[in-house]
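Here is a short note for someone opening this structure for the first time. Please read the numbered points with the structure in view.

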Amino acid sequence: MKETKYINLSPKECIELYKAEVKRNKISSIVTLVVMFCVTFGLVMTTKQYWLNIIGMLFAFAVYLTYKGRGVKAFDDLKNIYFVDCDPEKWLKVLDFLLEENPDERYHNTFCMYRADAYFGLGEYENMRSNLSSMRDETRDAAFEMSRIALWENYFFKVGDEKGMNFCLKEFMRIRNEMKIPKQMQSAIHEMEDIRNLHRSILKSDWEETIRIAERRMATSIPAMQTTYRFYIARAYRALGRLDRAKGFFEIVAETRGTLYIKKVAKEELAKMEVSS
């Protein structure tokens, strides 16, 4: 399984590496812009071809887009502490450092969402609910709203609240009908729909359907979610009485690196199976 460059670093070291990368990106962009300005200015002064200013502005815009894109990628790499390294505990500490250094109220909802997701991975569902509840109803961003509803769906499923899950379904449909959904979100929407159907198959004890959905999603998901799907498959096989298959999947989950809560549960299930065998 692949891992991130943050895998063996402490939360503080992760932040320092991330900040160094952001700083390098900023410096390289500024240097590129300065060189581009000097070259463009020199050409315009010597050739009197003032249309070159337009080329210079377009180039500057391209540099700006590259700078923003690298910034997004750097943060995506940092988020993979959770999603790839399967370490929500470290991710929470990294978020605490980020929030301490940048307590900008504009990012309140974003940090609440990331923290809620991390608490989900740790199995701390009341902390998850607390962060989701503290989010403000101020965004009209479809991607953000979809992500928030998906997290509420996960919470209601874990606490066995079918009424809450039905509310999430209504909100999901409302957002799809009322808000403009970016094309790049379509695959994420399909995954949300699959997860919702997966949750309902588990509540209905439709274990064959659980296995079918989880196996399909596992092939296209990030490592943290793959581990979650394996856990659901293991539970389904155990319920079906196919204990050898269940044991195999529980063992994979138990041996997964990181701090996912389901690792602990998988180990407990294996211990129970060992005693009963």
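1. Helices (H or I, at least four residues) and strands (E, at least two) are DSSP runs, numbered from the N terminus. By that rule Met113 lies in helix α4, residues 108-122. This is a predicted model, where local features need pLDDT of at least 70 and side-chain atom pairs count only at pLDDT 80 or more, while totals for chains, interfaces and linings use all residues. Residues are numbered from 1 along each chain as its sequence is written, and side-chain values use heavy atoms, with hydrogens and water left out.

2. Overall make-up. The protein has twelve helices and zero strands. From the N terminus on, the order reads α-α-α-α-α-α-α-α-α-α-α-α. Along the principal axes, the C-alpha atoms fill a box of roughly 85 × 45 × 35 Å.

3. Accessible areas come from the Shrake-Rupley method with a 1.4 Å probe, and for residues only the protein chains shown count as cover. The accessible surface of the protein comes to about 15,700 Å². Carbon and sulfur atoms hold 57% of that surface. Buried means under 20% relative accessible area, exposed means over 50%, and partly exposed lies in between (1.4 Å probe, protein chains only). Of the 277 residues, 44% are buried.

4. Contacts. A contact means heavy atoms within 4.5 Å. Among contacts with a separation of 6 or more, 60% join residues 24 or more positions apart.

5. Back to Met113. Is Met113 buried or exposed? Met113 is buried, with a relative accessible area of 11%. Leaving aside neighbours within four places in sequence, Met113 is in contact with Met135, Phe144, Ser147, Arg148 and Leu151. Ile27 is 86 residues away along the chain, and the C-alpha atoms of Met113 and Ile27 are separated by 31 Å.

6. A nonpolar patch. Ile27 also belongs to a nonpolar surface patch of about 330 Å², together with Val31, Val35 and Val39. Patches are made of residues with over 30% relative accessible area and no salt bridge; like charges are joined within 9 Å, nonpolar side chains (Val, Leu, Ile, Met, Phe, Trp, Tyr) within 5 Å. Val39 sits in helix α1, residues 11-47. At 48% relative accessibility, Val39 is partly exposed.

7. Salt bridges. Side chains of opposite charge can pair when their charged atoms come close. A salt bridge here is a side-chain nitrogen of Lys or Arg within 4 Å of a carboxyl oxygen of Asp or Glu. The structure holds 16 of them. Glu191, Asp194, Arg216 and Arg217 are linked in a network.

8. Pairs in α2. Asp77 and Lys73 form a salt bridge at 3.0 Å, N to O. Both lie in helix α2 (residues 52-83), four residues apart, about one turn of the helix. Asp77 is buried, at 17% relative accessible area. Lys79 and Asp76 form another salt bridge, at 3.2 Å. These two are three residues apart in α2. Lys79 is buried at 16%, whereas Asp76 is partly exposed at 32%.

9. A pair in α7. Glu171 bridges to Arg174, with the closest N and O atoms 2.9 Å apart. Both residues lie in helix α7 (residues 162-178), three residues apart. Glu171 is buried at 18%, and Arg174 is partly exposed at 26%. An α-helix has 3.6 residues a turn, so residues three or four places apart point the same way.

10. Helix α9. The expected span of a helix is 1.5 Å times one less than its number of residues. For the twelve residues of α9 (207-218) that gives 16 Å, and the end C-alpha atoms are 16 Å apart, which agrees. Which residues of α9 are buried? They are Trp207, Thr210, Ile211, Ile213, Ala214, Arg217 and Met218. Their cover includes α8 (186-203) and α10.

11. Helix α11. The twelve residues of α11 (243-254) should also span 16 Å, and the ends agree at 16 Å. Ala246, Phe249, Phe250, Val253 and Ala254 are buried in α11. Seen down the axis, these buried residues fall within an arc of 140 degrees, so they line one face of the helix. The arc is that of the directions from the helix axis to the C-beta atoms. The buried residues of α11 pack against α10 (223-239) and α12 (261-276).
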